[in-house]
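Reader: I would like a close look at one part of this model. Keep it brisk, please.

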Amino acid sequence: METPEQIRDRLLARFPGATVTLVVNPGASGQHSLLLDPANARAIAVFLRDDPVLRLDYCSNATGVDWPEKEIVETTKVSVPDPAGGAPKIVEQKTKRIQPGYLEAVYHLYSMALKTGPVIIRLRTGNRTDQVALPSLTPVWRACEFQEREIFDLYGIVFTDHPDLRRILMWDEFKDHPMRKDYVEPDDYEWEPTAHDEVLVRAKAHAAAAAPAPVAPPPAEAPQP
Amino acid sequence: MIESPSSPLAPLAGAHVRAVHDAFHGDLLEVSMGPHHPSTHGVFRMMVTLDGETVVKLKPVFGYLHRNHEKLGENTTYLGSMPYTDRLDYFCSMTNNWAYALAVEKLAGQAVPDRAEYLRVILAELTRLLNHTCLAGFLLQDAGASGTPLMYAFREREKILDLFESLSGSRMMCNYQRFGGCRVDPTPAWFDAARRVTEEYPRFLDEYEALITGNEILMARTQGVGRLSAALAVSAGITGPMLRACGVDYDLRKAEPYGFYSRFEFRVPLGDHGDTYDRYMIRILEMRESVKILQQALRDIPAGPIFDSKAKIRAFRPKAGEAYGRIEGPKGEIGFYLISDGTGNPYRYRIRPPSFVNLTVLEDMCLGHTIADAVIILGSIDIVLGEVDR
Amino acid sequence: MSDTPVITRQDRDELRRQGILLTSIEEVYNWGRSRSVWPLQFGLACCAIEMIAASMARFDIARFGSEVFRPSPRQADLLIVSGTVTKKMAPQVVRLWNQMPEPKYCIAMGACAISGGPFKQGYNVLKGIDRFIPVDIYIPGCPPRPEALLHGLMELQKKMRGEKLTGPDVPRNKQPDNPCEYPVPEFGAHDLEPAKNPDIWQPPAPVRPDKP
């Protein structure tokens, strides 16, 4: 089995216009991945599947990950010239930078023929609002058909050329993408039969928001279950 | 019955549907089977288009048991997700536990003591017996053998559930594996009981096979029904007994031995036709192999600790990174994909559900068969909705 | 004429001990129907497997006259909500309940059907089926053992035997303002609409005795 670096170099030689970046995994598992650019992703996927050395005929897992934009504070040391003419001072300067958010699709590829793997490829969208299209890999591996529909449903990545891109788990009228990190679930915490403090806080927040509608014990004439 | 076309890209369901549509000219009837239907396993729903009794289009509808497992997993600790994995595929809580523990151990780089590895193999193979027995019962139930085969299957299930209950405290929701080992050490009496169940199991299989395997009605209903080609199965990511019924030799216990599976002698049964009957037979044969593994494991299990003493249970914070761990569950390859950002909760917690992906080819297998056959084909895939919808 | 029966229950029991069977229409009617409760063959999640196990040889629900699981709601007396009710599934559960003929009963089996259980914080999980249909018996557990289901069934039979045929305290199905049809919620853009049926379920005040 080739290392991800070797696969990257081979892909760059085979597809001169493509961008293939190695994403290093700092964890103990050592499963590094390859970041592909969406324009060439389909062609590269077909190559990975059909290449006689790799033969990645089996896409085990396809999933989405949400990376919302986050503020990164970088501390850099800048030398400031002394106006009095003395030696320049070293001053720590903090710069704030907004790292733009994006959605990511991750594919875990294995070879059933050679019993090797995994090779992990990732695709990233431009942002989280209007540039959310990625090429579908369902024409390359049928295994992605339902899994990409699930990513579309829960994360909102639109897969172009997917044969049947509809919501799969939530109902068709549903508007949100619930697996995104900024999803706000509907407030139906009227009452909690459990005694957990955290959920009790939520129930109290609901009661405060629902005011002035009185939150009272059930009226006596209501049919008792 | 439908071969995959030789194109550079993988075959799609839509292409076959249109071809079959053109061949028929009758009035089409659209039927919604489910989510409440006695023959769908749980709350599964199929939108079926029929020409007479023949299926010309079949679209599965999911989500009626979507319990937001992955979102809950992101909002709880690593250990807090362990009981939730029991409820994924509620026949196979032990293998779900193992798959999750394996993924977390990969993420954190944790070792597992020998005795715990043996225990995991024993419990996983007991789970495989349990799952395949119940599947055979439900498949026969779907074929119209109302009651009796399912009662035989559930009689055997209770024996294994008693083992699970005396070990973990719960019949179905065992919550037994931990990152770096297992929760409690079985007593010698437990091992005696496990040996007794293992020794008696082949007798049950003989009895069951004498009733079912050569049964003419079962053969007429299942042979040649729901054929799946090996090329389509590989492309569609089919795993488990369903893949091996097509003749593809891919069992993670052999292909990528996790745990201590490389220490055991067993064979991987393969099918020839990829039809419903082969899928039934593969499971029966796998049960016999599981009994062999159990006998070896119960004989060889060493003494020692069952939990890595250096492992942390509380305040468990693996360093940033990601890991994908997978095992050969009874229904197919169950995997967990975890991304850690260094905090106590996983940043991303993804389950690779075998029966969800195996449903990809349901339409391809059902086209051209009657609606009654579609019920058996669905039964032979072996789905559990807790895992399909999560 | 007063409502008090001339022959009390104690009198009847005493006569029975002497070998004389004296009974009432109400008692025979309730005795008969409580011994042949036909559940709907309707499983949702994990609890459904324990429901099947309860109907198998070891636990044998047939001892209580309830082994006839009906595939159609039109033939069923008892809806066992066995498992997590998701928001996508809730309208179908209410529809099934509406299709069952009166007198009908509902058992909420397991923590999920009662309150959402371990999945309560999920965005697609209904926090208790009693928000939409009236529940007669709650069986806690995750999942409840088959014995617990049998106990719930016996409690239901006890409840049925105590029901009156006439008078002011007749059961729900004999009250004149009993709604035959319960409103079926619809799928909205973010949640079910409505999210609960206020006629049958009102939340209690969210306070705890020890933490006011």
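Predicted model: local features only at pLDDT ≥ 70, side-chain atom pairs only at ≥ 80, totals over all residues.

How far apart do the C-alpha centres of domain 1 of chain B and domain 2 of chain B lie?

Author: The C-alpha centres of domain 1 and domain 2 of chain B lie 32 Å apart. Domain 1 covers residues 16-61. Domain 2 covers residues 69-352.

Now the sheet. In chain B, three strands form an open sheet, and their order is β6-β7-β8. The pairing is antiparallel. β6 (321-329) and β8 (346-352) of chain B are the edge strands. Each has a single partner strand, so one side of each is left without a neighbour in the sheet. Neighbouring strands of this sheet are turned by 10° against each other on average, direction ignored.

Take one pair in detail. β6(B) runs antiparallel to strand β7 (residues 332-340) of chain B, and nine bridges join the two. Within this pair, B:Glu328 stands opposite B:Glu333 in β7(B).

For context, turn to chain A. Strand β6 (residues 102-111) of chain A pairs with β7(A) in the antiparallel sense, over seven bridges. A:Val106 stands opposite A:Arg122 in β7(A). The hairpin of β6(A) and β7(A) has four residues between the strands. There, A:Lys115 takes a positive phi near 55°.

β7 (residues 116-124) of chain A also pairs with strand β2 (residues 33-36) of chain A. That pairing is parallel, over four bridges. A:Ser33 stands opposite A:Ile120 in β7(A).

Note on methods:
Residues numbered from 1 in each chain as written. Chains lettered and ligands numbered in written order. Heavy atoms only, no water. Pairing = 2+ DSSP bridges. Domains from an automatic or database assignment. Axes fitted to C-alpha atoms, helices over the stretch in contact; angles between N-to-C directions.
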